[in-house]
Amino acid sequence: MVDKQRVIPLIVATALFMENMDSTVIATSLPAIAADLGTSPLTLKLAITSYLLSLAVFIPASGWTADRFGARMVFAIAVGVFMVGSVGCALSTSVTDFVFARILQGMGGAMMTPVGRLVLLRSVDKSALVNAMAWVTVPALIGPVIGPPLGGFITTYASWHWIFLINIPIGLLGIFMALRFIDPIKSETREPFDLYGMVLAGIGLAGIAFGLSVAGLNLLPWSTVAALVVGGTISMTLYVLHARRTGSPVLDFSLLRLPTLRAAVFGGFLFRLGIGALPFLLPLLMQIGFGLTPFHSGLVTFASSLGAMGMKTLAARIIRTFGFRNLMTVNAIVSAFFLGVCALFTVSTPLLIIMVILVVGGFFRSLEFTAINTVAYADVETAQMSRATTLVSVNQQLAISAGVAVGAACVETTMWFSHVSEINATVFAPAFVVVALTSAASSWFFWQMPADAGHEISGRKAVEIASRKGAGKGAEKAAVKAASEDTQDVRDQRLG
């Protein structure tokens, strides 16, 4: 018998790793791809922005699709669509072909992330959810870090086509494992599809995410960027008004009444905004500021992923000891501190010290991500789980886009005040300070959660019961086992 509590998180994590790595690896190889297709790297930026647009448009439909056709099947199909898009990218002979292939990849990616998380929530016992989320969080941290050096290595020593073709064996294995080990759980109730809401939310999210993503990259005039963000905001405002009048909205903001989900959305947005700027700012500092090659820069920044991987074995124990509220409040400030320390990096700073700081910071950031991703679903009912995963996924996408925009804006503002025309190592310090303070501000939202927030899934309640009874680990294990058995019974009933 295979332990599904470990296999299913790995299946979901593999798919998310494929998506996260692919999204960042292309940035390093863009000049080589552009030269091969006979166009400029600036023009080929459309490949990145078209992927983001596709994500923003199709993510809102993921929850309804998973409920209607089953999360397992939708997840497997999403991986297949992503693979087809990858093959299309590798076989592209023109910019048009490449952009359409990236849009297809975005369609698959839009379903993989929220539906993969939904699969996890419906397949794993609550008592094992923290460990499961720890495994799923790692790809999101590793992908952006190893993407640039991997892309540079493949492009330099092989061909850019292999960047996309390596997704094929990974995707095939993921589909086989998903169909083999994930239970075919469907929603007990079928709701009508909110097409009008889908259009409004899609336009709104596309405008905001796309506008924030290109802000500061000099791809479009500032007037166009502002028009995109403002237009997207207006569309989202119309959607909010519409969502209040429909019983089955594609983005259910009424879930924000849950204190744990509200903290994960608002606090998580601020935390991710700051941390999301790190993969954008740090490689620029290493390459342009310090003169490192893309490959060597990637080897240095890879250190943060080592800390992330070291966290996964300790996350459940740490959260069980301190509880979600205490841990997330303090750890957000600790993580922000290590992010702010990057402002002190100079050309003379030894690379070993930089790597040590990134390793330790990566540990605390990964711990915070695991806690945010887990506590978000602590109070969500089973029938609302698909809506919750959709809402959380949209929030994450906007936070990452906003992080890049804020980081780029800070660098440009510093250059303007310093009367500097070219980027150098000195213009990055204020940006790191700003994004660090933004991440630290998330601690206020986490402190607003109830003191016992998420105790059922963290095992904290079992620890308190054991402490009161004086029975030590025996009572703790008994309570955790009871919670696990209750969750198992509920899932078995849904499976019939």
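Modeller: Let us start with S335, which counts as buried because its relative accessible area is 0%; buried means under 20% relative accessible area, exposed over 50%, and partly exposed in between, using a 1.4 Å probe and protein chains only. Before going on, please keep in mind that this is a predicted model, where local features need pLDDT of at least 70 and side-chain atom pairs count only at pLDDT 80 or more, while totals for chains, interfaces and linings use all residues. Residues are numbered from 1 along each chain as its sequence is written, and side-chain values use heavy atoms, with hydrogens and water left out.

S335 lies in helix α16, which covers residues 324-341. Helices (H or I, at least four residues) and strands (E, at least two) are DSSP runs, numbered from the N terminus. Leaving aside residues up to four places away in sequence, S335 touches F271, F364, R365 and E368; a contact means heavy atoms within 4.5 Å.

A316 sits in helix α15, residues 315-322. A316 is buried too, with a relative accessible area of 9%. With residues up to four places away in sequence set aside, A316 touches V130 and N131. The C-alpha atoms of A316 and T370 are 9.2 Å apart, although 54 residues separate the two along the chain.

N395 belongs to helix α18, residues 385-418. At 11% relative accessible area, N395 is buried. The contacts of N395, again not counting residues up to four places away in sequence, are with A264, V265, G268 and F269.

Helix α8 (residues 167-181) has 15 residues and reaches 21 Å from its first C-alpha to its last, close to the 21 Å expected at 1.5 Å a residue; the expected span is 1.5 Å times one less than the number of residues. Its buried residues are N167, I168, G171, G174, A178 and F181. In general, an α-helix has 3.6 residues a turn, so residues three or four places apart point the same way. In helix α12 (residues 278-289), the buried residues include L278, F280, L281, L282, P283, L285, M286 and G289. Just after α12, G291 takes a positive phi of about 80°.

What about the surface? L195, in helix α9 (residues 195-214), counts as exposed because its relative accessibility is 55%. Together with F193, V199 and I203, L195 forms a nonpolar patch with about 360 Å² of accessible area. Patches are made of residues with over 30% relative accessible area and no salt bridge, with like charges joined within 9 Å and nonpolar side chains (Val, Leu, Ile, Met, Phe, Trp, Tyr) within 5 Å. A salt bridge is a side-chain nitrogen of Lys or Arg within 4 Å of a carboxyl oxygen of Asp or Glu. Accessible areas come from the Shrake-Rupley method with a 1.4 Å probe, and for residues only the protein chains shown count as cover.

Now the cysteines. C89 is buried at 0% relative accessibility, and C342 is buried at 3%. A search of the whole structure finds zero disulfides, a disulfide being a pair of cysteine sulfur atoms within 2.5 Å.

Finally, the whole protein. There are 22 helices and zero strands, and buried residues make up 55% of the 496 residues. Of the contacts with a separation of 6 or more, 83% are between residues 24 or more positions apart. The protein exposes about 20,700 Å², and carbon and sulfur atoms supply 68% of it.
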